[in-house]
Amino acid sequence: MSVPAPEIRILPSAEAAVPLLLDELRRTVTRFERPLVSFATGGTFTAMLRALVREFTVGKPGTIFGREFSATHLDEYAGFDPTRDGGMVHELTTACPPLSAMLAAERFLPVPHVEDAAAIGRHAERLRAAGGVKLQFLGIGRNGHIAFNEPGTDLDGGFHATDLAEATRRDARARFAPAEPPRRAITSGVGTILGAERLVLCAFGSAKAPAIEAMLRGDVSPACPASAVRRHADVLVLLDAAAAAGITDESVAP
Ligand code: PGA
């Protein structure tokens, strides 16, 4: 069955994505009753998370935090509880303290940091009970991973514990130095990600250009897990010119 191709927008800069990402969030929290929004971590989303802090005015109409929603995220390093520096929940709540308040109120559903099948299953069940993810933000690794679904992964899979690819560990090295980057993580599966109502994937900078080209112009294949987003009918891809270098042709509107 064919699905509409992802909408691709090439922006003048990474900063230009921030208001668009906040608009996505605003539309989702307005359109749905208590929607579940799944955030992505990584440098790509830091500016957006910082800007989101300014939306934190409890109950003020028109602000994102003036609406009720639940939050979750894509993945966590094994052994990294929410207080541990370097972990994904720690990153999210540090960049955006209102998410910390949501965590305390159990309206932020953290990915388990333990490799325990029952805990991982319970997390997936909690997401389902919250109505499933309405809006999923996504980054992409230089090796084409989404969340920690590394090349070779099952494109239909659910939440699971996984090894990190060496390329992923290399890219994470600075974050953990002088300690070694983690080897294992608990991650949302590609199948889980594709279950979200809408996907918004961002990539900025020339280092991401080959992965974006493989995602949008290569085969849909486990060799590039991000290529699976082409199976989804409602995808927005936000790029800067450098990340779009491998796909820029007459078929892509500027
Ligand atoms: P980044 O990570 O935003 O730090 O580039 C994205 C990813 O690896 O998924």
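**View 1. Arg-84 lies over the face of Phe-80, at 3.7 Å from the ring centre.** A charge counts as sitting over a ring if NZ of Lys or CZ of Arg is within 6 Å of the ring centre and within 35 degrees of the ring normal. Lys-134 and Phe-32 give another case: the charged end of Lys-134 sits over the ring, 5.4 Å from the centre. The model shown here is predicted, so local features need pLDDT of at least 70 and side-chain atom pairs count only at pLDDT 80 or more, while totals for chains, interfaces and linings use all residues. Residues are numbered from 1 along each chain as its sequence is written, and side-chain values use heavy atoms, with hydrogens and water left out.

**View 2. Phe-45 and Phe-137 form a tilted ring pair.** Rings of Phe, Tyr and Trp (its six-membered ring) pair if their centres lie within 6.5 Å; planes under 30 degrees apart count as stacked, over 60 as edge-to-face and the rest as tilted. By this rule there are 6 aromatic pairs. In the pair of Phe-45 and Phe-137, the ring centres are 5.9 Å apart and the planes stand at 55°, so the pair is tilted. The two residues come from distant parts of the chain, 92 residues apart. Phe-45 sits in the loop between β2 (36-39) and α2 (46-53). Phe-137 belongs to strand β6 (residues 133-138). Helices (H or I, at least four residues) and strands (E, at least two) are DSSP runs, numbered from the N terminus. Both Phe-45 and Phe-137 are buried. Buried means under 20% relative accessible area, exposed over 50%, and partly exposed in between (1.4 Å probe, protein chains only).

**View 3. Tyr-77, Phe-80, Phe-148 and Phe-176 are linked into a cluster by ring pairs.** One of these pairs joins Tyr-77 and Phe-148: the centres are 5.4 Å apart and the planes are at 45°, so this pair is tilted. This pair also links distant parts of the chain, 71 residues apart. Tyr-77 is in strand β4 (residues 75-77), and Phe-148 is in the loop between β6 and β7 (160-163). Tyr-77 has a relative accessible area of 4%, so Tyr-77 is buried. Phe-148 is buried too, at 5% relative accessibility. Phe-80 is also the ring under Arg-84.

**View 4. Asp-234 and Arg-198 are joined by a side-chain polar contact of 2.6 Å.** A polar contact is a pair of N or O atoms within 3.5 Å; within protein, one must be able to donate a hydrogen and the other to accept it, and residues adjacent in sequence count only if both atoms are side-chain atoms. Asp-234 lies in the loop between α8 (209-217) and β10 (235-240). With a relative accessible area of 29%, Asp-234 is partly exposed. Arg-198 is in strand β9 (residues 198-203). Arg-198 has a relative accessible area of 17%, so Arg-198 is buried. Contact means heavy atoms within 4.5 Å. Leaving aside neighbours within four places in sequence, Asp-234 is in contact with Glu-197, Arg-198 and Leu-199. With residues up to four places away in sequence not counted, Arg-198 touches Glu-24, Lys-134, Leu-135, Gln-136, His-232, Asp-234 and Leu-236. Lys-134 is also the residue whose charged end sits over the ring of Phe-32. Asp-234 and Ala-211 are 23 residues apart in sequence and 20 Å apart in space, C-alpha to C-alpha.

**View 5. An open sheet of 3 strands runs in the order β4-β8-β7, with antiparallel pairing.** Two strands pair if DSSP finds at least two bridges between them. β4 and β7 are at the edges, each with a single partner strand, so one side of each has no neighbour in the sheet. β4 is joined to strand β8 (residues 184-187) by 3 bridges. Asp-75 has Thr-187 in β8 as its bridge partner.

**View 6. A cis peptide bond joins Ala-177 and Pro-178, with omega about 5°.** Pro-178 is found in the loop between α6 (166-176) and β8.

**View 7. Glu-106 and Ala-147 both have positive phi: about 60° for Glu-106, near 50° for Ala-147.** Neither is a glycine. Glu-106 is in the loop between α4 (97-104) and β5 (108-109). At a relative accessible area of 58%, Glu-106 is exposed. Ala-147 lies in the loop between β6 and β7. Ala-147 is buried, with a relative accessible area of 8%.
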